[in-house]
Amino acid sequence: MIVDPNDFFRNLTLSICSSLDLNLAMRRSLNYLRQVFPVEELMMNILDNNAGAVRVVSRVTYDDSKPSSEVVVLPSAFWEWLKTQTPPIPRIMNSEIMKGVPPEFLKHMPHRAMPESEMVVPLTMDGVRIGVMIVYAPDGYPYTQEHLDLMTSVTEPFALALANSITYHGLKQSRD
């Protein structure tokens with residue numbers, strides 16, 4: 001399917017910015033993405049170095065088969081290993097690339113241990129990494145650079161939605 005990058009940006013931005021309820025906005029985004037290319041799951045995480053954990057703040061699947069949020073505590077060695085990695089850039093992850101991740105860390109990660117294909121897109125605000133968006137392909141469907149380029153084009157709206165959601169929930173908790 002040929003996708004106009006401007007239409008993709010507009011439609012996906014409208015989807016992710018459609019609600020302060022991040023799960024609802026992610027559901028709408030997943031529904032739009034499924035019209036463009038095969039996608040099984042869309043997830044947004046925050047890396048919390050202080051707590052030594054990855055917090056899944058939103059996860060939507062087409063069949064709602066996984067929890068929408070969770071906290072995964074990672075060993076301190078993971079954080080040391082993460083520091084040795086190149087600066088965070090959008091990338092396509094597959095089983096070949098995942099072989100470079102120390103096996104002891106894979107069991108802790110809140111995604112499939114050996115993905116066939118997924119796009120990992122860091123989310124930043126004002127130059128600070130605030131989270132990561134992960135798009136999972138169905139088995140047997142490899143993502144391409146064209147898919148990654150499309151998803152990379154929407155990092156700012158997704159980062160803004162994540163930041164707004166965090167702020168909104170913090171304010172709501174303070175108020176309550």
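Reader: At what angle do helix α1 and helix α2 pack, and how are they oriented to each other?
Author: First, the ground rules: this is a predicted model, where local features need pLDDT of at least 70, side-chain atom pairs count only at pLDDT 80 or more, and totals for chains, interfaces and linings use all residues. Residues are numbered from 1 along each chain as its sequence is written, and side-chain values use heavy atoms, with hydrogens and water left out. Helix α1 (residues 5-16) and helix α2 (residues 22-36) have axes 7 Å apart and pack at an angle of about 155°, with axes being lines fitted to C-alpha atoms over the stretch in contact and angles running from 0 to 180 degrees between N-to-C directions. Angles over 145 degrees count as roughly antiparallel, so α1 and α2 are roughly antiparallel.

Reader: Which residues of α2 does α1 meet, and what classes are in that contact?
Author: Contact means heavy atoms within 4.5 Å. From α1, Asp7, Phe8, Asn11, Leu12, Ser15 and Ile16 meet Leu22, Ala25, Met26, Arg28, Ser29, Tyr32, Leu33 and Val36 of α2. By class (Ala, Val, Leu, Ile, Met, Phe, Trp, Tyr, Cys and Pro count as nonpolar, Asp, Glu, Lys and Arg as charged, and the others, Gly among them, as polar), the contact has nine nonpolar, three polar and two charged residues.

Reader: Is His147 buried or exposed?
Author: His147 sits in helix α6, residues 145-152; helices here are DSSP runs (H or I, at least four residues), numbered from the N terminus. Buried means under 20% relative accessible area, exposed over 50%, and partly exposed in between, with a 1.4 Å probe and protein chains only. His147 has 10% relative accessibility, so the residue counts as buried.

Reader: What does His147 contact, and which backbone nitrogen lies 2.9 Å from its side chain?
Author: Leaving aside neighbours within four places in sequence, His147 is in contact with Phe37, Met119, Tyr141 and Pro142. A polar atom of the His147 side chain also lies 2.9 Å from a backbone nitrogen, that of Thr144.

Reader: How far is Pro138 from Glu40 in space?
Author: Pro138 is in the loop between β6 (128-136) and α6, and at 24% relative accessibility this proline counts as partly exposed. Leaving aside neighbours within four places in sequence, Pro138 is in contact with Pro38, Val39 and Glu40. Pro138 and Glu40 are 98 residues apart in sequence, yet C-alpha to C-alpha the separation in space is 5.2 Å.

Notes: Helix = DSSP H or I, 4+ residues; strand = E, 2+ residues; numbered from the N terminus. Polar contact = N/O pair within 3.5 Å; in protein donor to acceptor, adjacent residues only side chain to side chain. Parallel < 35°, antiparallel > 145°, perpendicular 65-115°, else oblique.
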